[in-house]
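Here's a quick tour of a protein model, going from its overall surface to its cores and then to one helix. Have a look at it first.

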Amino acid sequence: MKGKIYVTGLSLAILSLLSCSRDNDPAPSPPAATNSVNDFVWKAMNSWYYWQPNVPKLADNFKNSAEYASYINSKTPDGLFYSLLYDYGNTDRFSWIENNNTIIPASKIAEIEKLTGFDYGVYPKDNTNTSAVALVNYVIPGSSAANAGIVRGDIITRVNGSPLTISNYSQLSQDQFTITRAATAVITATGLVTTDRAENISITKTNIDENPVAFYKKYNYGGKNIGYLVYNGFKSDYNDELNAAFATMKADGITELVLDLRYNGGGSLETATALAQMVNGNYTGQPYVYLDFNAKHNDEDGMDYLTNIVKTYNIVNGHPEQTGQQNVNSLSLSRIYVLVSFQTASASELTVISLNKYVPVTTIGNETYGKFVGSITLYDSPASDYTSYSTRNTAHNWKLQPITFSYYNKDKDPNPSGGILPTYAINPYQAINNIKEFGNVSDPELRKALELISGQTILKTAENPVTYSNRNLRFQPRNEAKGLVIEDFESFSKRKK
């Protein structure tokens, strides 16, 4: 009869068994708890990392996988960070993570806060690329190295009592170490031959706030007022010192400029843009550099524009805080000569390729490092997509500095596959025995620039001839991290028309 249901005893028994079975089923396990700092590291990298699509464990669906919690909980924050980098050490040689404003490296990456007081480049001694020397590029006044008598041009042959090699040169950045310098250095057809001094100098890292505006001198050759400016880092808290240096050159009537970026590994994008305005100043409001972010942040892609205002900053707890602004002092130069080396990187390379679109740039030296990418600082501030310093989680001090964009000149020309090849190549080994204090014309690259500008042969002392040349030698730049940085992305605004 329609509407009636007949339940047999067997049916009741089956229903009873099913009911008991359901009652005894264990409840679904809740997702495993994740380490909160590591969760920040992963999510920030998933959002902003330039090569995110190339890293399987940064894929969007990995966050919801059963493996996620166990994977991120099994590592320290720095261990997790470095495990997520794409082709680490090759494609990505540049990203880093910090805690309490100190880089926490998975391997040797960079130095930011504590410094030994001297900058150096590492030169292989022969074709084996094993034995090496370190040439002192410059020494910071008042530092441990300066107090120990180290000077520009010194050749370091030993570290901690052992001969310097490509494998152990990173010991020159330890908190404490000893060095031995060369008594003699002779370049032969097969390599560099050195003898040691009878010394074992102790060097200790100290907190140093290095002024990157390292040296200025005025020359007059061929009736031309030539300025020589050594600039060792695009540090936004020294924007006022850089602007003041250009004011001095303006008062000195400088009409030609030799800008020494040989030891400049990069820094602030804002400072790099301001430097271009100081060189010329006739292109205010024009596009200078194009930034390209990953696909998740295409809304950030675009031009940064030249402006006649430069902001001034203090660095407080590792974060730039604006203190004011100044009108840019411009020289209105029609050309510029830039000294470059294998340690010239990122913001320095940007200066060459972007400024050259407005003012002819003649480069002198050797091939640059080849870093055409940059970064922003990421904080544990998920509401701002990890870009806000002011709303960061203050329960910890971890912050990330991963590569987040690539950059191009205003015409978006393809960047070199390696570094920038100089207009006039100088064998880097010519620096051996030939560089003294900054401004001395025994420096082969400075001398070449002065000769090009003046059309004169610059008088000099006899130099050690270089017959030892092998392009297969792999030079070792010291500063591999600072690169190109948008230091305060929260307040950074691209100047779009």
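The accessible surface of the protein chain comes to about 21500 Å², with 48% of that belonging to carbon and sulfur atoms (Shrake-Rupley method, 1.4 Å probe; for residues, only the protein chains shown count as cover). Bear in mind that this is a predicted model, where local features need pLDDT of at least 70, side-chain atom pairs count only at pLDDT 80 or more, and totals for chains, interfaces and linings use all residues. Residues are numbered from 1 along each chain as its sequence is written, and side-chain values use heavy atoms, leaving out hydrogens and water.

Of the 497 residues in the protein chain, 54% are buried (under 20% relative accessible area, 1.4 Å probe, protein chains only).

Now for the cores (sets of buried Ala, Val, Leu, Ile, Met, Phe, Trp, Tyr and Cys residues joined through side-chain atoms within 4.5 Å):

| Core | Size | Residues include |
|---|---|---|
| Largest | 81 residues | Met45, Leu229, Phe246, Leu291, Ile336, Leu400 |
| Second, separate | 21 residues | Leu115, Ile140, Ile208, Val441 |

Setting aside neighbours within four places in sequence, Leu400 is in contact (heavy atoms within 4.5 Å) with residues including Phe40, Met45, Trp96 and Ile376.

Then there's helix α9, residues 444–454 (helices are DSSP runs of H or I, at least four residues; strands are E, at least two; both are numbered from the N terminus). Eight of its 11 residues are buried, so α9 is largely enclosed by the rest of the structure. Among the buried ones are Glu445 and Arg447, and the cover includes β12 (213–221) and β20 (336–340). At the start of α9, a side-chain oxygen of Asp443 comes within 3.1 Å of the backbone nitrogen of Glu445. Just after the helix, Gly455 has a positive phi of about 75°.

Methods: Buried < 20%, exposed > 50% of the residue type's maximum accessible area, 1.4 Å probe, protein only. Polar contact = N/O pair within 3.5 Å; in protein donor to acceptor, adjacent residues only side chain to side chain.
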